Amino acid sequence: MKRRLFAGMMPKVAAIMLASAGLSAAQARDLVVAQGIDVPGFDIHNHSTTAVEAIFVNIFDYLVMRDGKGDLQPALATSWEQVSDTAMRFKLREGVLFHNGKELKAEDVKFSIERPALDKNVMQNSFYNTIKEVEIVNDREVIIHTKGPDPILLNRLSRIGSGIVPKHYVDEVGWNGFATRPIGSGPFKFVEWKRDDRVVMEAFDKHWRGRPVWDKLIHRTIPEDSTRVGELLSGGVDIATNIPSQDVERVNSSGKAVTKPWQSFRVMTLFANMKEGSPLADPRVREAVDLAIDEKALIDTAMSGLGVPVRGSVAPGLSAVPMDLHNTYLYDPDRAVKLLTDAGYGPGQLSIKLQGPSGRYALDVEMMEVIAVMLEAVGIKVEIEALEWSAYQSRIWEPNKIEGLALIGHSNSLQDGFHAVQRARCGYEFSKKTGWCDKRFDELVNQSAVTVDPKKRDEYLSEAFHRLTDSRSILFLFQVQNIIGINRAVAWDPSPDEQLWMFDAKPASN
Amino acid sequence: MINYVIWRILQMIPILLGVTLIVFVLLRVSGDPVLLMLGEDAQPEQIEALRLALGLNKPLYQQYLMYMADLLTGDFGNSLRYNGQPALQVVLERLPATASLAATGLLFAVVISLPAGIVAALKQHRMADHIASSFSILGQAMPNFWLGIMLILIFAVTLGWFPVSGSDKPLSVVLPGLTLGSGLAAMLTRMLRSSLLEVMQQDYIRTARAKGLSQSTIIVRHALRNAALSYLTVIGLEASALMAGAVVTEQVFAWPGIGLLAIQAINSRDMAVVQTIVILSSVIVMSMNLIVDILYSVVDPRIQHG
Amino acid sequence: MADTETLPGLSPPLVVPARRLHLSPLAAFGLAMLTIFVLMAVLAPLLAPYDPTTPNLRARLVPPMWVAKGSADHILGTDHLGRDMLSRLIYGSRIALSVGFLGVVLASFIGVSVGLIAGFWRGPVDSILMGAVNILLAIPNTLLYLTVLAVFGQSLLLMIIVIGCINWTTFARVVRGEVLSLKEREFIEASRSIGQHPVVTLLRHVLPNVLGPIIVIATLNVAALIILEASLSFLGFGVQPPTVTWGRMLADGRNYIATAWWLAAIPGLMITTLTLSLIFIGDWLRDRLDPRNAS
């Protein structure tokens, strides 16, 4: 209505603007995707951000890739088989070309996988260092040797940093050169990168899956949420990630775009300081905190209903996680009060500091404020300390720095249960923060790391998960659910692994 | 004149040294950039290795000396956030974007304030004056980001006249330019109005008026020329505020300039980039001031630099 | 815009009142509003109907009373966590005023001291102090604020200290200029000849002379700082929750502009009203106190 009114008032301007908008959508077939972050460059082994890999998947190919359901599917590797406890053979697809026209061969696979596996200075090393060597059998076949049995080798090969790059090209330009002018074999080839602005990619005609329907794929960096939503509503971008929950209705009723839930493997938790002298060293106090928090209400109020309550770092799509911890929570304020009384704290006698970041996770401060109200309802005084992300991180990263409870969200880029619990082993990062050590737990996790039999592995990990949950050194709150906004002219279903795989996006049929 | 310019340029050196020292100390006593680079999934051995590789284990003064030595050879360090790209290059490639934004902001400020200030002075205490003055004062009383968001909502999302964000379309610069220039426009309008009023009280204007010259002729021929000096002064002084305002504006409009880079760099403790930005922007600010000083003597030959 | 670099002494008054001793209508408005805000800040616990930080999960996003679906329980509505907007505004005035006033008090203290010392002793002391002034003037202040707050964290106290330590240059320059011109005058010589210590002379004669400009600069500076606080909040470097600040309310409310306008509109209106009041008062003070305007 408004638009029509102004079109009447300013016929020329409006006509020109509308015409040009129509043109770019109908003829050029560009697809514009917007996120809040920029890529750090295309040195694919030197970043650790899922949202960055979400762009890379369009440029690079992987040996195996997850499909829309999260299951592993053949990609560059057409088949694979376990040849021994520590070796796996991969047959490579024929006729795969890099963007510069050269053929992708076994030596490229060896080169690409061995770098993160063997070079301790690249960021992704710790996720690949179970790999000992990539043996070239012939141009179309490799055998990956691991140091010990590695039940999650395929998980490693389908995630951040497992794209295959052309060896000859990296040899020629070096990783620094590659970081600004990458070449892969994915459906889109790199054209241009303007920092903090855009990555421009164009369709690769000779991609083995076929040519994508889009001529250009443009990834834009728009840090400000309201601006990103504005671009989605004005048609400036076709797909926008992390739509604030309060804008869902506005987007859906705009007629221009729709929102879809976008599952994340991130689980929000509270780390408890269990060290001597902390009131949270008393298991009754930790249980009281656990029982005092109504996760369902937390999700409904602070998160506008987006999220699933959990009692462990579990989510659909992760392998080897006990799903009985998913979609469940404990809430019993009366028992919480009793536990506190038993522990010697009357109403208002216990005060706990709740620390967290401000602006790192969606609505993080709001979460803390709601949790504080819930804890205060059972008689625990709460002091909130919210910090800008980098300050918070340096504050809680050092061992023993958490004062009471700390709000932390962890994702799971390996998409496997082992990664969710391994950092809680004694001496590892989580345990350093909370002070929790459990021999049996460590044994279980270490066992699972070298057990190939999936059933046994599940058992080990399931017990480990439950021991961690019962320890209440980490209180699990909920699995995060993001929202993605998609222009109605584009048909695309987000996959559960947080990747922006745009080969599957198609113009919507009207 | 040339001596004066050389002298002024030499004066920049100690100031620049002070600038580098301040920022270096601030950033090095801050948190650990390695942790920020690696993210939540980092392993302790990764952290140690990267720290060593970046020379972050050396004493502070050594790190500073190393840094200064590098600066003198044109090496401003490498960006942590951008995986070791040269910081100077990362910053310099943003300069055109910020320059065009600032120029547009300045242009808007001048284009708005000249007529608004003149009209307000001519129609003192009348409706036009009140309207111009109210807008100019509101421009100073409203946070920049707020104005930017409102402009997007009205002119980009609802009316669709301009792009919401980015810098790739011809009309992209309009809304961010307006946002950035609003404060300066407000200040210049107020300044112009009152200095015109002041000039018009003076004898030679009264004489001109007595000679029967029209009000507008007087303003254009005499009063404006005399008000130009203080007009220029304000622009020179506001150069630094324009740079500062770009930080907020660029964040709102996803404008890929130095301001957006600065925020991202500070957030990720990308020390080399932050230092380069601060050094570069202080050079720009000092140069702008110098240019304004030189313009002074062009506008008003009575001012001489000895 | 957040004009932290503004040299208010140079931007002349909006309204030149006919009789300078009288309160202009705008100045009267400014003073009245400022009084109300100060009273609000002082009496916050008595005035606020609710606790400003306690969420009420059953009354989220209630619009202001006069809007459809509004409720008399919450005159100005509630935010996304069901906190009473009126109470938050009342408590928020404390932060706005303390950031503004304490920041300027600290800045003017540092600035006046530096100006006095530099102007009086000249020589190397002067060079070093004015060097520091020039360094601070060369760096765009927002960058400096952000860096310092990023490094040291974001408490209210710290923000005030940082503002004081960065924002003093205008004061120093004005005072130094005044000292230099006064030193040439006879009465300084005279007081020296009767054995009065020069510092005593300075304080006795210089301070009264610079008080006018300082008060004017300070008033307008408070306005700029209130805007600055909002801008820092927007960039994620403001005073952190649970402290309630107008700037933070406005910054948080920006994501609700299209869905719950009052979250941003009301704090925005407060900030604008307060800064406007201060600008009016500052203009009026300049007319009254600035000797250059005495014609």
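Helices (H or I, at least four residues) and strands (E, at least two) are here taken as DSSP runs, and they are numbered from the N terminus. By this scheme Ala320(A) is found in the loop between strand E15 (308-309) and helix H12 (333-342) of chain A. The structure is a predicted model, in which local features need pLDDT of at least 70 and side-chain atom pairs count only at pLDDT 80 or more, whereas totals for chains, interfaces and linings use all residues. Residues are numbered from 1 along each chain as its sequence is written, while chains are lettered from A and ligands numbered from 1 in the order in which they are written.

For the complex, the predictor gives an ipTM of 0.83 and a pTM of 0.85. In chain C the pLDDT (the predictor's confidence in each residue, from 0 to 100) averages 82, and 90% of the residues score at least 70. Over residues 1-20 of chain C, however, the pLDDT is below 50, although this stretch has 73 contacts in the model beyond near neighbours in sequence; two residues are in contact if their C-beta atoms, placed from the backbone, lie within 7 Å. Where pLDDT is low, the predicted coordinates should not be read in detail.

The secondary structure of chain A comes to 18 helices and 21 strands. The C-alpha trace of chain A spans about 70 × 70 × 35 Å along its principal axes. The radius of gyration of chain A is 25 Å, which agrees with the value near 24 Å that a compact globule of 510 residues would have; this radius is taken over C-alpha atoms, and the globule rule is 2.2 Å times the number of residues to the power 0.38. Of the 510 residues in chain A, 54% are buried, where a residue counts as buried if 20 or more other C-beta atoms lie within 10 Å of its own, exposed if 12 or fewer, and partly exposed in between, with C-beta atoms placed from the backbone. Among contacts in chain A between residues at least 6 apart in sequence, 68% join residues at least 24 apart.

Individual residues of chain A illustrate these terms. Ala320(A) has a positive phi of about 55° although it is not a glycine, and Ala320(A) is buried because 25 other C-beta atoms lie within 10 Å. A positive phi, near 50°, is also found in Asn242(A), a residue other than glycine, which is placed in the loop between strand E13 (239-240) and helix H9 (248-252) of chain A. Asn242(A) is partly exposed, since 19 other C-beta atoms lie within 10 Å.

Gly379(A), in the loop between helix H13 (364-377) and strand E17 (380-388) of chain A, is partly exposed, with 19 other C-beta atoms within 10 Å. Residues up to four places away in sequence being left out, Gly379(A) touches Val337(A), Leu340(A), Pro347(A) and Gly348(A). The C-alpha atoms of Gly379(A) and Gly346(A) are separated by 7.3 Å, and these two residues are 33 residues apart along the chain. Ile474(A), which belongs to strand E19 (residues 474-487) of chain A, is buried, with 26 other C-beta atoms within 10 Å. Beyond its neighbours within four places in sequence, Ile474(A) is in contact with Thr269(A), Phe271(A), Phe430(A), Thr434(A) and Leu468(A).

In chain C, the axes of helix H3 (residues 85-121) and helix H4 (residues 123-138) come within 7 Å and cross at roughly 145°; axes are lines fitted to C-alpha atoms, for helices over the stretch in contact, and angles run from 0 to 180 degrees between N-to-C directions. Val114(C), Ile117(C), Ala118(C) and Trp121(C) of H3(C) make the contact with Gly123(C), Val125(C), Asp126(C), Leu129(C) and Met130(C) of H4(C). Helix H10 (residues 246-253) of chain C is mostly covered, with 8 of its 8 residues buried.

Chain B touches both of the other chains described here. The contact between chain B and chain C takes 50 residues from chain B and 42 residues from chain C.
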